[in-house]
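Take a moment to look over the sequence and the 3D model. Then follow the text through the structure, one part after another.

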Amino acid sequence: MDDRRPLWQEEPAARRRMADPVRTAAVRAVIIVAVTLILAMVAFLCTLARSWFAFPAVLVTVAGTIVATWAVLDVWVTRQVWVQRFGVQSEPSSTARQLRRERRKARRQERRQPPQERSRTDRAAA
């Protein structure tokens, strides 16, 4: 009786989720674009039916198109601002990190050497 399977199994996400401000702007843009498309369809159908409501519907659709364009641009700008402020969280490859570590270590050792030994090393290299 205890062999119950879970209703769903969580899988790791393929991509990281968007930042909260970007996601909020995207949801707002999708809703505005959806409403604008509905308004456009109403305006089109009212025009076909030669209804008195066609002219106001077309005006509202034009205004909605401007607002929808603004909303989509808002998503893009919000994403750019977020990336600029918080940056992309990236790490250098382990190879690059190891090379930097070795260079730093060599520089530290060079600074710690007494001046006589350093001058001998410089002459040998020349």
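**A walk through the helices**

Phenylalanine 53 sits in the loop between α1 (20-48) and α2 (54-86). This is a predicted model, so keep that in mind as you read. How much of phenylalanine 53 is accessible? Its relative accessible area is 37%, so phenylalanine 53 is partly exposed. The cut-offs explain the label: buried means under 20%, exposed means over 50%, and partly exposed is in between. Phe53 also belongs to a nonpolar patch on the surface, together with Ile38, Val42 and Trp52. The accessible area of these four residues together is about 460 Å².

Now step back to the whole protein. It has 126 residues, and 13% of them are buried. There are four helices and zero strands. Reading along the sequence gives the pattern α-α-α-α. The accessible surface comes to about 11800 Å². Carbon and sulfur atoms hold 60% of that surface. Next, take the contacts in the protein with a separation of 6 or more. Of these, 57% join residues 24 or more positions apart.

Start with α1. The expected span is 1.5 Å times one less than the number of residues. The buried residues of α1 are Val22, Ala25, Ala26, Ala29, Thr36, Ala43 and Cys46. What covers them includes α2. Just after α1 comes arginine 50, with a positive phi of about 55°.

Move on to α2. This helix has 33 residues, which should span 48 Å at 1.5 Å a residue. Its end C-alpha atoms are 47 Å apart, and that agrees. Buried in α2 are Ala54, Ala57, Thr61, Gly64, Ala68, Ala71, Val75 and Thr78. The cover over these residues includes α1. Just after α2, glycine 87 takes a positive phi of about 70°.

Threonine 61 lies in helix α2. Is threonine 61 buried or exposed? Its relative accessibility is 12%, so threonine 61 counts as buried. Buried means under 20%. Which residues does threonine 61 touch, leaving aside its neighbours within four places in sequence? Threonine 61 is in contact with Thr36, Leu39, Ala40 and Ala43.

Next, find the core. Which residues make up the largest nonpolar core? They are Ala25, Ala26, Ala29, Ala71 and Val75, five residues in all. The elements that give two or more residues to this core are α1 and α2. α1 gives the most, with three residues. Leaving aside its neighbours within four places in sequence, valine 75 is in contact with Ala25, Ala26 and Ala29.

Turn now to the charged residues. Side chains of opposite charge can pair when their charged atoms come close. How many salt bridges does the structure hold? There are two.

Arginine 23 has 25% relative accessibility, so it counts as partly exposed. Aspartate 20 is partly exposed too, because its relative accessible area is 48%.

Another salt bridge links the side chains of aspartate 74 and arginine 28, at 2.9 Å from N to O. Aspartate 74 lies in helix α2 and arginine 28 in helix α1, so this pair ties together parts that are 46 residues apart in sequence. Aspartate 74 has a relative accessible area of 25%, so it is partly exposed. Arginine 28 is also partly exposed, with a relative accessible area of 40%.

Definitions and conventions: Residues numbered from 1 in each chain as written. Predicted model: local features only at pLDDT ≥ 70, side-chain atom pairs only at ≥ 80, totals over all residues. Heavy atoms only, no water. Patch = residues over 30% accessible without salt bridge, like charges linked within 9 Å, V, L, I, M, F, W, Y side chains within 5 Å. Areas by Shrake-Rupley, 256 points an atom, 1.4 Å probe, with all protein chains shown as cover. Buried < 20%, exposed > 50% of the residue type's maximum accessible area, 1.4 Å probe, protein only. Core = buried A, V, L, I, M, F, W, Y, C linked by side-chain atoms within 4.5 Å. Contact = heavy atoms within 4.5 Å.
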